[in-house]
Amino acid sequence: MSTEPHANSRPRPRGRRFLDSLPRPSLSLLVAVTAVVALTAAVGMLAGLSDVTIYMGLVALYVAMGAFGGTLKVDLSVAALFFVALVLFVALPLLVSTVSLSAAAVMLIIAVGVCGILPALGRRYNSVRLGIGLITVYAYGYHATQGINSVDIILGTFIAFFIVFVIRLIAAVLDRDAPLRNAVARVLTDPSRGALEDAAFAWLAGPSTVWTGESLIGAVQYRAAMWALVEQSDASSPDTTHSRARFIAEAAPVASMLADTIRSRKDLAARIADVRARLNELDQHVDLEGIDRGTAEVAVAGLRRSANASLARDGSSVRAAGQIRRRAARASVRAALSFRSDYLRQALRAMIAVALALLIVTFAGHPVFALPILMGAYGVLQPTFVGGLAEAGRRIIGVVVGAAVATLIVLTAPPAIATAISILALIIAFAFIASSIAIFMGSLVVTLTIAVAPLVHVDSVTYAIGYAIAVLVGALLAATVGFLSVPHRTLKTRGKALTEALNATADVLDAVGRPPASDIQERLLEAFRTQQNTAAAAPPAVWHADDEASQAVTGLNLLALAMVLGFAPHSRTAENTARSVTPLLRDGARQPLRAAAAESLSDDALNQLLTAEYGRLHHAVLARADRSR
């Protein structure tokens with residue numbers, strides 16, 4: 001489809017373009033945030049924890065960020081991680097601080113470092129890292145002001161956690177596995193290669209049941225056939241292209257019906273009967289010939305496979321998925337615990353920034369400003385490795401503007417109005433968390449400034465001005481530590497990281513179908529480590545093509561792990577595809593995979609996933625090349 005503007009289209013007015021570029025809050029997120037904050041605040045007030053009500057709201061929202069979004073099984077595992085982290089990183093340091101402030105400070109620094117490794121476990125753990133890290137910093141900063149009892153902070157932390165935990169359990173009563181079924185169904189309706197990978201990762205994360213796996217395999221088979229028909233249409237006669245387009249158009253509604261059935265838990269027999277009837281009609285009306293007819297039959301067979309699995313709904317678990325999941329997690333963490341890992345280097349930078357902030361608090365002799373300095377240091381350091389000066393600048397602008405606004409409010413607004421504004425600022429912060437980091441950071445500064453101001457025995461003018469300066473000092477400290485130690489990633493350096501990852505993945509795939517090499521464990525670790533470095537070099541909000549390439553390499557590494565270590569059965573076709581992919585990876589994935597149609601569309605799930613992941617990688621590499629011209 002052409003991407004050129006229509007001849008009759010008119011450019012939008014400049015003012016309209018400006019308005020469209022402004023960040024917008026998510027309305028659904030705004031409602032959810034308001035509900036969580038209101039409930040947490042009410043429980044905090046009833047429990048006599050009014051001093052930490054705002055802090056409790058922050059904890060609840062950060063836990064909710066990590067504990068919602070997946071199936072119940074996955075969300076409970078993330079919630080368990082949060083609980084352990086809150087015990088080790090919040091409760092334990094605060095209790096130790098009653099005996100030794102130095103020991104508590106060291107525990108905070110270690111906690112920040114551990115948080116820096118969490119993203120190695122996958123994209124979802126970026127928000128977990130952010131949540132646990134900031135809760136840890138906020139808790140210590142609140143305590144360091146010497147105006148809030150550590151017991152109140154600990155109680156408030158766990159009350160907020162259990163509020164979110166109970167909400168998640170209640171939500172599971174409605175449908176515990178809906179996110180997984182939605183991800184599988186999306187493969188049938190969304191032609192993007194990312195949809196397939198998201199579904200595969202969701203299934204691997206669990207619960208990895210037989211029926212969802214079979215449904216996914218059928219959906220992959222259908223989607224691969226559709227891709228093949230679309231690609232073949234580019235070099236065909238008009239009549240043949242028309243026949244292919246008609247089949248694709250007739251198959252799409254049937255796939256959509258099946259997707260709705262997979263999402264549903266009711267009236268399965270009736271729904272599947274309708275789908276099967278439509279499939280029979282579709283099969284009888286295929287007027288394609290030769291290889292095109294074979295491809296169309298593969299698509300129909302894939303839809304039938306998904307339909308049969310959706311009707312049977314065999315809920316037994318696939319053991320191999322758990323083996324792959326556990327082995328991949330261990331390999332990811334081990335790969336990150338290396339000085340060649342960007343994740344470990346970033347964790348060390350965070351530890352240095354927080355340690356320097358604590359030293360400034362200690363030698364300045366003003367513990368009431370511990371929270372803003374720590375918040376500025378740790379919050380601004382979040383651009384990770386390649387956010388660049390622009391990203392750091394947005395965060396610094398946010399915290400500085402927030403500090404200025406908070407200063408004005410503390411100096412002029414009555415306490416009741418100031419409290420209401422702080423709650424509103426907290427809601428605004430999380431409503432904009434996905435669209436504007438500057439608004440998020442600025443609103444958090446407003447909230448925390450107003451919340452802490454009444455709790456410390458300092459003149460309001462002195463406190464407000466000191467708070468603004470402290471936030472700026474922390475922000476500049478983070479920027480200095482981050483950008484003196486981290487070279488800015490350019491398109492060229494990011495391309496080098498990707499090349500290293502492709503070669504490492506090729507080294508692992510080279511062992512498919514052969515006895516495992518003696519150094520296979522080291523090859524796997526190197527593949528996971530270099531892939532992690534491409535992920536660190538490509539935040540999705542900045543470089544979409546780089547992120548697509550990184551995610552495709554992740555998929556190839558998981559498939560290589562499953563095949564090389566024997567966790568998943570595979571056919572000779574999959575082995576041949578792996579051998580075909582290996583030299584292409586070493587060549588930079590610039591060339592498409594030219595497997596025979598019968599092989600690329602076989603019903604071997606691993607073969608289809610290999611083909612799809614390489615296709616996604618190849619398209620991302622081409623997009624990177626276009627951008628560099």
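**Note on helix packing and cores in a predicted model**

1. Helix α4 passes α6 in a right-handed crossing, and this arrangement is read here from a predicted model. The two helices, α4 (residues 72-97) and α6, pack at an angle of about 20° with their axes 10 Å apart. Because angles under 35 degrees count as roughly parallel, α4 is roughly parallel to α6. On the α4 side the contact is made by Val78, Leu81, Phe82, Ala85, Leu86, Phe89, Val90, Leu94 and Ser97, while α6 contributes Tyr125, Val128, Gly131, Ile132, Ile135, Thr136, Ala139, Tyr140 and His143.

2. Where pLDDT is low, the predicted coordinates should not be read in detail.

3. Histidine 143, one of the α6 residues in the contact with α4, is found in a helix that spans residues 125-144. Is histidine 143 buried or exposed? Its relative accessibility is 17%, so histidine 143 counts as buried, the cut-off for that term being under 20%. Leaving out residues up to four places away in sequence, histidine 143 touches Leu94, Ser97, Ile148, Ser150 and Ile153; of these, Leu94 and Ser97 belong to the α4 side of the helix contact.

4. The largest nonpolar core has 100 residues, and the members touching the most others are Tyr55, Tyr62, Ile135, Tyr138, Tyr142, Phe430 and Leu444. Helix α6 gives the most to this core, with 12 residues. Tyrosine 62, apart from its neighbours within four places in sequence, is in contact with Phe82, Gly131, Leu134, Ile135, Tyr138, Phe430, Phe440 and Leu444. A second, separate core of 82 residues includes Leu258, Ile272, Phe528 and Leu556.

5. Leucine 426 lies in helix α18, which covers residues 415-431, and with a relative accessible area of 0% leucine 426 is buried. When residues up to four places away in sequence are not counted, leucine 426 touches Val37, Ile54, Gly57, Leu58, Leu61, Leu444 and Thr447. The C-alpha atoms of leucine 426 and leucine 448 are separated by 8.8 Å, the two residues being 22 residues apart along the chain.

How values were computed:
Residues numbered from 1 in each chain as written. Predicted model: local features only at pLDDT ≥ 70, side-chain atom pairs only at ≥ 80, totals over all residues. Heavy atoms only, no water. Helix = DSSP H or I, 4+ residues; strand = E, 2+ residues; numbered from the N terminus. Buried < 20%, exposed > 50% of the residue type's maximum accessible area, 1.4 Å probe, protein only. Contact = heavy atoms within 4.5 Å. Core = buried A, V, L, I, M, F, W, Y, C linked by side-chain atoms within 4.5 Å. Axes fitted to C-alpha atoms, helices over the stretch in contact; angles between N-to-C directions. Parallel < 35°, antiparallel > 145°, perpendicular 65-115°, else oblique. Left-handed = near helix turned anticlockwise from the far one by under 90°.
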